[in-house]
Number of protein chains: 4
Amino acid sequence: MAASAEEILARPDIEAVLICSSTDTHADLVVKAPEAGKHIFCEKPIDHSLEKIDRALAAVKKAGVKLQIGFNRRFDANFARVKAAVASGEIGVPHLMHIISRDPGPPPISYVKVSGGMFLDMTIHDFDMARFLMGCEVEEVYTAAAVMVDPAIGEAGDVDTAVVTLRFANGAIGTIDNSRKAVYGYDQRVEVLGSKGAIATGNCYPNQAVVSTATEVRRDLPLNFFMDRYTESFANELRAFVEAVVKDTATPVTGMDGRIPVVMGMAARRSHDEKRAVKLSEIG
Amino acid sequence: MAASAEEILARPDIEAVLICSSTDTHADLVVKAPEAGKHIFCEKPIDHSLEKIDRALAAVKKAGVKLQIGFNRRFDANFARVKAAVASGEIGVPHLMHIISRDPGPPPISYVKVSGGMFLDMTIHDFDMARFLMGCEVEEVYTAAAVMVDPAIGEAGDVDTAVVTLRFANGAIGTIDNSRKAVYGYDQRVEVLGSKGAIATGNCYPNQAVVSTATEVRRDLPLNFFMDRYTESFANELRAFVEAVVKDTATPVTGMDGRIPVVMGMAARRSHDEKRAVKLSEIG
Amino acid sequence: MAASAEEILARPDIEAVLICSSTDTHADLVVKAPEAGKHIFCEKPIDHSLEKIDRALAAVKKAGVKLQIGFNRRFDANFARVKAAVASGEIGVPHLMHIISRDPGPPPISYVKVSGGMFLDMTIHDFDMARFLMGCEVEEVYTAAAVMVDPAIGEAGDVDTAVVTLRFANGAIGTIDNSRKAVYGYDQRVEVLGSKGAIATGNCYPNQAVVSTATEVRRDLPLNFFMDRYTESFANELRAFVEAVVKDTATPVTGMDGRIPVVMGMAARRSHDEKRAVKLSEIG
Amino acid sequence: MAASAEEILARPDIEAVLICSSTDTHADLVVKAPEAGKHIFCEKPIDHSLEKIDRALAAVKKAGVKLQIGFNRRFDANFARVKAAVASGEIGVPHLMHIISRDPGPPPISYVKVSGGMFLDMTIHDFDMARFLMGCEVEEVYTAAAVMVDPAIGEAGDVDTAVVTLRFANGAIGTIDNSRKAVYGYDQRVEVLGSKGAIATGNCYPNQAVVSTATEVRRDLPLNFFMDRYTESFANELRAFVEAVVKDTATPVTGMDGRIPVVMGMAARRSHDEKRAVKLSEIG
């Protein structure tokens with residue numbers, strides 16, 4: 001137990017740090033840790049301000065330390081399998097991609113107010129996933145969003161339901177479907193159609209049992225939220241970070257991988273506000 | 001509309017007849033129709049007596065007419081696919097085979113009493129399926145049966161729940177699972193394990209829709225009984241019969257295919273009565 | 001066999017006609033048939049021109065005959081089940097809806113050129129489905145479309161891959177995913193997320209068999225195209241039309257149901273051309 | 001690290017021991033550990049000799065220590081869900097039960113020779129599962145077994161393929177399907193039919209991804225063997241053992257739970273040898 005982050009950064013026997021504090025503290029720590037010579041694992045997002053992100057990434061670059069951003073879903077067995085199918089050419093050239101990403105219920109309104117909005121708080125994982133799966137950048141987004149779950153979310157200036165359409169640099173088209181409330185639990189699926197086939201992943205369930213009764217054929221609900229659904233991916237991402245530090249190799253999720261989804265989130269919000277397609281190049 | 005079977009058999013413009021009357025009338029008609037030169041499609045079973053079956057088959061043979069027995073399930077797309085996988089070597093040499101065959105509910109006790117018993121009335125379809133799928137004869141059966149659904153069935157001298165173990169001539173082992181009552185509907189599945197793989201079929205549903213709610217993930221019940229589940233197979237078997245008559249080719253379900261499952265049913269019943277494995281060669 | 005449509009329309013013993021000729025002949029026949037007092041079943045689309053559609057609908061109205069448009073998919077068991085779940089409140093208030101609608105392969109270029117374009121030829125079924133399932137009109141569409149399958153389709157002025165985002169009058173958001181080429185066959189799925197649950201339908205397969213081998217667990221491809229996939233729906237829609245005529249009740253797919261998807265297709269195309277969201281009210 | 005079991009048993013700071021050595025050493029250690037006052041977790045089977053098992057259980061009883069047998073599958077989420085469905089009455093009174101339990105490949109012949117035979121080595125898990133799921137004892141078994149996978153297994157006096165039929169005290173009927181070789185991997189399923197419904201579990205897969213290509217719809221193979229398939233159950237059984245020791249409660253898998261499956265294995269073998277149904281009461 002350390003009294004402060006500074007105390008940890010001052011210790012010569014510590015080689016790397018995990019920044020899992022609240023979002024508003026990330027950027028400062030990502031500046032200080034490199035100055036202390038520490039490698040960094042930082043939870044997403046680095047910050048809600050591109051200026052602060054760029055300052056942090058510059059500090060990392062200057063010190064030559066490693067930085068990995070906490071996009072854990074890349075390390076999930078389902079999404080990794082889809083990524084492999086696209087990357088290996090198993091399904092040919094990708095044409096269409098869909099991400100379904102729904103939470104079991106909305107966070108407290110107090111959190112909504114400081115979250116940076118749904119696009120930077122929740123969709124940011126899906127923006128990362130879109131780039132990761134397709135191996136290609138998004139150039140333009142179009143947002144159709146609404147307040148369907150709870151009017152209080154709208155009063156707080158945010159949305160709770162959205163479809164974001166993505167235009168990729170390679171011509172492919174994608175969508176991200178978000179809802180703050182799927183009553184049946186955490187819904188985390190993707191599918192990609194390519195020139196030689198398609199791949200789709202389903203949800204994860206606590207068991208495979210199917211019960212047939214006089215009225216229906218049923219199974220238990222899918223895993224309810226990220227702590228259950230992504231348990232292994234959290235362990236896997238840290239294993240990958242440790243390996244990158246120990247073997248002195250590149251981290252699998254870079255600082256730029258942390259910055260781009262923030263740009264995408266800003267573009268998605270602007271598209272919603274201005275009711276038009278927005279190019280990422282407009283954001284910076 | 002004809003007043004009697006005799007009237008139909010007397011008509012020179014009729015080339016073939018379908019015998020779908022009650023079981024106790026089959027054997028006589030299968031003797032008379034060949035005498036009148038008619039090809040015959042006959043519902044299963046030909047009869048509950050091997051003597052009467054043999055007399056009928058002899059009449060068919062003597063007249064040189066065609067006979068097809070109504071084992072419609074051979075013409076079902078699911079079972080035909082399993083048959084093809086075994087016959088083509090897709091799953092290698094078969095080692096184990098399981099048939100699940102459950103009705104949604106028991107017939108009236110009045111019917112149970114004249115049905116010939118579950119093994120000749122219901123399991124007979126599964127005995128045929130076992131031979132058909134494996135392309136191999138059964139040499140020995142062992143029956144574990146019980147009255148679990150309705151005591152009145154037991155009082156009528158019959159059983160309503162059974163597992164019949166089959167030893168095939170090629171060394172493979174199979175089971176038939178029967179129940180007179182699956183509350184969720186008609187349960188008709190098979191699976192075969194072979195040296196190079198396995199094949200399994202599921203039930204058929206009225207639609208593919210899956211509903212996810214706050215308490216469960218569910219779908220509608222499977223098709224309830226044979227009229228819905230096997231609609232296409234009934235049409236297909238008649239198409240095959242007509243084709244055999246028109247093209248003068250062999251029918252796909254022969255008289256011997258009608259006789260052997262009756263022997264199997266008798267052996268299964270004797271196994272139950274005498275609590276021991278029974279060879280088909282004991283029956284005749 | 002009649003030599004011409006006129007010959008059919010002249011016959012007093014014919015009460016109703018099915019117009020299944022090429023699209024460019026529909027509108028004229030929908031004007032002539034009412035004048036001859038015939039009820040009409042007309043294949044979609046009525047026409048590619050709103051003016052001609054309106055003239056045809058006016059003729060139907062004036063004559064007081066019945067008109068049913070051939071949106072057969074409404075009569076498919078899967079889509080009817082989803083419709084029922086939304087209409088009955090089984091999944092609560094709808095928030096998000098997705099239609100996946102992909103053909104196994106593109107039509108000949110010669111057909112593409114006279115088809116009216118993908119939105120009027122192919123997506124039109126999905127526009128109807130969206131309205132049907134949600135029980136609510138679409139107010140605005142946004143199209144992201146591309147030529148990914150065959151450059152010749154682009155040279156003919158059309159697209160082959162698209163995502164159309166729909167804004168419904170009740171605030172819900174939907175998408176239609178279209179591709180002219182899914183190598184695995186006809187892909188026809190929908191899902192709806194509501195406040196109390198979700199419903200999703202899968203594809204239809206020729207059998208339920210699953211084969212497990214040393215390298216994979218696999219099943220046969222889904223039904224390849226509309227003749228196999230929608231066989232029953234075609235029979236059902238005609239049954240419904242005949243019933244409406246015989247019982248003198250309203251047809252289940254009206255002339256207005258035929259007109260609105262054409263407006264949606266025009267709006268989708270304009271959205272693609274002008275790279276902006278388009279309101280249906282802009283089209284007329 | 002200790003040089004010997006004796007060294008561990010002599011340490012006063014050790015309260016409980018895990019016996020995971022080779023089977024021939026289990027019984028002696030289960031005698032010695034209680035004498036040293038240690039609670040015991042012992043891998044299955046305790047021994048192949050009922051005499052030695054009884055001596056070991058007597059030592060445990062005399063010392064009043066706790067004993068838990070390593071039937072880990074009881075702690076698997078799938079089987080626990082089936083158990084719960086039966087125990088809670090969710091599917092009513094059980095009528096029929098099937099266990100499919102197949103290994104991906106046979107062990108080395110050297111192991112086969114000392115394994116005690118398939119029924120004591122492999123089926124023993126399924127015998128435990130049958131009792132556990134049904135909450136009821138088996139009274140009689142009938143074995144149909146064969147050598148289908150490898151003649152060398154037969155030469156070693158063992159079988160590699162079997163169906164064991166079980167008669168439960170409550171009248172229900174069950175089967176266990178065993179194969180030493182399922183080329184697609186570890187196949188571990190159960191299903192139970194009851195008066196009010198049925199429950200069935202499927203296999204576990206490394207991911208949920210489904211790939212659709214021009215030739216098939218496929219997914220990756222199921223988890224290959226027990227180290228992957230039952231990872232969590234191994235952790236869960238130890239957690240349960242530790243909890244029983246710490247809280248001084250009964251262990252969830254008792255010494256008698258370890259003994260009965262050995263009796264069942266002996267009965268199954270005798271049934272195979274003598275080609276008849278064998279009552280467990282014949283074994284002792």
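**Chains in contact**

Modeller: Start with chains D and A: 24 residues of chain D are in contact with 24 residues of chain A. Keep in mind that this is a predicted model.

Colleague: What makes a residue count as in contact here?

Modeller: The C-beta atoms, placed from the backbone, must lie within 7 Å of each other. On the side of chain D that touches chain A, helix H4 (77-88), strand E9 (197-200) and strand E10 (210-213) of chain D each supply at least two residues. The largest share, 5 residues, comes from H4(D). By class, that side of chain D has 13 nonpolar, 8 polar and 3 charged residues.

Colleague: How do you know that strand E10 (residues 210-213) of chain A and E9(D) pair?

Modeller: Pairing needs at least two bridges. E10(A) and E9(D) have 4 bridges, in the antiparallel sense. Therefore they count as paired.

Colleague: How many residues does the contact take from chain B and from chain D?

Modeller: Chain B gives 26 residues and chain D gives 26 residues. On the chain B side, strands E4 (94-102), E5 (138-146), E6 (161-168), E7 (173-179) and E9 (197-200) each supply at least two residues. That side of chain B has 13 nonpolar, 8 polar and 5 charged residues.

**Inside chain B**

Colleague: Why are H3(B) and H11(B) called roughly antiparallel?

Modeller: Helix H3 (residues 50-63) and helix H11 (residues 255-274) of chain B pack at an angle of about 175 degrees. The cut-off for roughly antiparallel is over 145. The helices are therefore roughly antiparallel to each other. Their axes are 10 Å apart.

Colleague: Which residues meet between H3(B) and H11(B)?

Modeller: From H3(B) come B:Leu50, B:Ile53, B:Leu57 and B:Val60. They meet B:Gly255, B:Arg259, B:Val262 and B:Val263 in H11(B). The contact's residues divide into 6 nonpolar, 1 polar and 1 charged.

Key
Residues numbered from 1 in each chain as written. Chains lettered and ligands numbered in written order. Predicted model: local features only at pLDDT ≥ 70, side-chain atom pairs only at ≥ 80, totals over all residues. Axes fitted to C-alpha atoms, helices over the stretch in contact; angles between N-to-C directions. Parallel < 35°, antiparallel > 145°, perpendicular 65-115°, else oblique. Contact = placed C-beta atoms within 7 Å. Nonpolar A, V, L, I, M, F, W, Y, C, P; charged D, E, K, R; others polar.
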